[in-house]
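The following note sets out numbered remarks on the model shown below. Please read them alongside the sequence and the coordinates.

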Amino acid sequence: MNAPSEFLDYGPDAVLMAGLTGRNWRLADYVQRGGYDALKRILSERIPPEQVVAEVKKSSLRGRGGAGFPTGLKWSFMPRNFPGEKYVVCNSDEGEPGTFKDRDILRYNPHALIEGMIIGGYAMGCARGYNYIHGEIWDVYERCEEALREAREAGFLGKDILGSGFSFELFNHHGYGAYICGEETALLESIEGKKGQPRFKPPFPASFGLYGKPTTINNTETFASVPWIIRNGGEWFANLGRPNNGGTKIFSVSGDVARPGNYELRLGTPFATLLELAGGVRGGRRLKAVIPGGSSMPVLPADVMMATDMDYDSIAKAGSMLGSGAVIVMDETRCMVKCLLRLSYFYYEESCGQCTPCREGTGWLWRVVDRIEHGKGRPEDLDLLNSVADNIQGRTICALGDAAAMPVRAFIKHFRDEFRHHIDHGRCVVAPYQ
């Protein structure tokens with residue numbers, strides 16, 4: 001392993017740790033590392049937009065924000081002959097608990113995102129793009145504004161880029177910290193100046209997106225991967241990972257590890273390797289559980305995770321999802337009831353209230369878990385929690401309802417005995433550690 005490296009530098013097995021100085025985020029440093037070479041090549045060789053999309057398809061790049069949808073396929077949905085304005089939008093609203101990779105891309109390598117969005121705009125016939133930045137990271141927003149200024153002054157943004165005849169303008173949009181705005185249609189509503197609430201789908205953004213126009217939305221890490229794919233080829237990128245899981249992935253490792261931080265590894269790397277890179281479980285304690293893809297994903301017990309590889313398909317086979325790549329590690333001292341209580345309260349607080357199952361159900365989940373945690377649980381509460389979760393999941397406009405329901409079902413499934421101990425004895429099974 002080579003460490004440390006630049007974010008999205010794609011060494012043989014790049015390892016990206018916390019603690020980068022951030023001195024080399026400027027345009028001059030990015031250009032010195034080959035930055036904007038992919039854009040220059042596309043424009044100078046007049047590579048057809050369809051060929052750019054085909055190369056991204058070949059790379060097996062999947063969305064790095066949560067859903068893991070194939071990026072090239074998503075780009076192909078953009079109507080090519082639409083006569084009016086079309087938009088490309090970056091979702092940099094990183095509000096998922098445990099996730100902190102995208103803000104570091106924006107801090108340490110913002111031009112990779114800018115170049116990726118320009119290439120995306122070219123490939124999909126868009127002349128305008130927006131980067132929606134989470135509302136609680138103002139310093140990152142300011143840095144991205146400076147990076148846009150540099151790119152504009154160097155001729156990489158604006159009219160007739162590098163004399164090619166292609167024009168593209170990009171704007172940063174600062175959000176207000178609402179978790180729901182990480183949902184793509186709520187994000188679009190927010191950019192339009194409305195309350196950030198998800199839209200009914202269909203119509204999907206590819207046909208009716210920002211300001212009612214065709215729009216493609218991708219995650220920060222996804223766009224930042226595109227320049228490297230164009231420079232080195234889709235097949236090269238795909239071969240870094242596994243079939244259907246192309247490239248590398250940044251994992252935000254937090255919780256009970258010795259060295260929390262961001263680690264970029266080939267997709268398909270064993271979880272045991274990632275845990276070792278993060279210094280192992282802190283204090284020499286035993287691993288108890290892991291949430292492999294952000295707080296909304298189902299928790300997995302230690303024995304399952306230690307036998308699982310870090311890619312979309314392997315994690316799905318194990319019973320969870322890779323999601324945003326936020327790996328939350330919990331050791332033997334952690335009370336699973338208390339962990340679920342914290343997660344349930346988060347989703348209760350962050351529900352936008354538009355859908356009745358989510359608005360009412362998230363409150364039910366939190367209150368029932370709360371009484372179990374405080375020694376007032378009843379034997380029927382576990383079935384009640386599963387019932388409430390069943391009545392939320394799949395019954396809401398967006399996936400926040402699922403995000404609230406899936407952790408509840410997974411915690412009870414894998415740690416039911418611990419929940420029963422709370423109910424039967426009115427205290428935690430790991431009380432000696434507390």
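1. L73 is found in helix α4; helices (H or I, at least four residues) and strands (E, at least two) are DSSP runs, numbered from the N terminus. L73 has a relative accessible area of 35% and is partly exposed, where buried means under 20% relative accessible area, exposed over 50% and partly exposed in between (1.4 Å probe, protein chains only). Together with F69 and F77, L73 makes a nonpolar surface patch of about 270 Å². Patches are made of residues with over 30% relative accessible area and no salt bridge, like charges being joined within 9 Å and nonpolar side chains (Val, Leu, Ile, Met, Phe, Trp, Tyr) within 5 Å. Accessible areas come from the Shrake-Rupley method with a 1.4 Å probe, and for residues only the protein chains shown count as cover.

2. On the basis of the note: residues are numbered from 1 along each chain as its sequence is written, and side-chain values use heavy atoms, with hydrogens and water left out. The model is predicted: local features need pLDDT of at least 70, side-chain atom pairs count only at pLDDT 80 or more, and totals for chains, interfaces and linings use all residues.

3. On confidence: the mean pLDDT of the chain is 92, and 94% of its residues reach 70 or more; pLDDT is the predictor's confidence in each residue, from 0 to 100. Residues 1-7 stay under 50, and the model has 31 contacts for them beyond four places in sequence, a contact meaning heavy atoms within 4.5 Å. The pLDDT is also below 50 over residues 9-21, a stretch with 47 contacts in the model beyond near neighbours in sequence.

4. An open sheet is formed by five strands in the order β6-β5-β11-β8-β9, with mixed pairing; two strands pair if DSSP finds at least two bridges between them. The edges are β6 (261-266) and β9 (300-301), each of which has a single partner strand, so one side of each is left without a neighbour in the sheet.

5. Strand β11 (residues 326-331) is mostly covered, with six of its six residues buried. A326, I328 and M330 point one way from the strand, while V327, V329 and D331 point the other way. With β5 (residues 248-255), β11 pairs in the parallel sense over four bridges, and S254 stands opposite I328. With β8 (residues 287-291), the pairing of β11 is antiparallel, again over four bridges; here A289 stands opposite M330, and L287 stands opposite D331.

6. The side chain of D331 also meets that of R285 in a salt bridge (3.7 Å, N to O), defined as a side-chain nitrogen of Lys or Arg within 4 Å of a carboxyl oxygen of Asp or Glu. D331 lies in strand β11 and R285 in the loop between α11 (271-277) and β8, so the pair ties together parts that are 46 residues apart in sequence. D331 is buried at 1% relative accessibility, whereas R285 is partly exposed at 40%. A separate network of salt bridges that share partners joins R26, E146, R149, E150 and E153.

7. By the salt-bridge rule the count comes to 38. In one of these, R64 pairs with E221, the closest N and O atoms being 4.0 Å apart. R64 lies in the loop between α3 and α4 and E221 in helix α9 (residues 220-232), so the pair ties together parts that are 157 residues apart in sequence. R64 is buried at 0% relative accessible area, and E221 is likewise buried at 0%. The side chains of E184 and K74 meet at 3.8 Å, N to O; E184 lies in helix α8 and K74 in helix α4, so this pair ties together parts that are 110 residues apart in sequence.

8. On backbone geometry: the peptide bond from K201 to P202 is cis, with omega near 0°, and a cis peptide bond also joins P202 and P203, with omega about 5°. P202 is in the loop between α8 (184-191) and β4 (215-219). S60, although not a glycine, has a positive phi of about 60°, and N244, also not a glycine, has a positive phi of about 70°. S60 lies in the loop between α3 (49-58) and α4 (71-76), and N244 in the loop between α10 (234-240) and β5.
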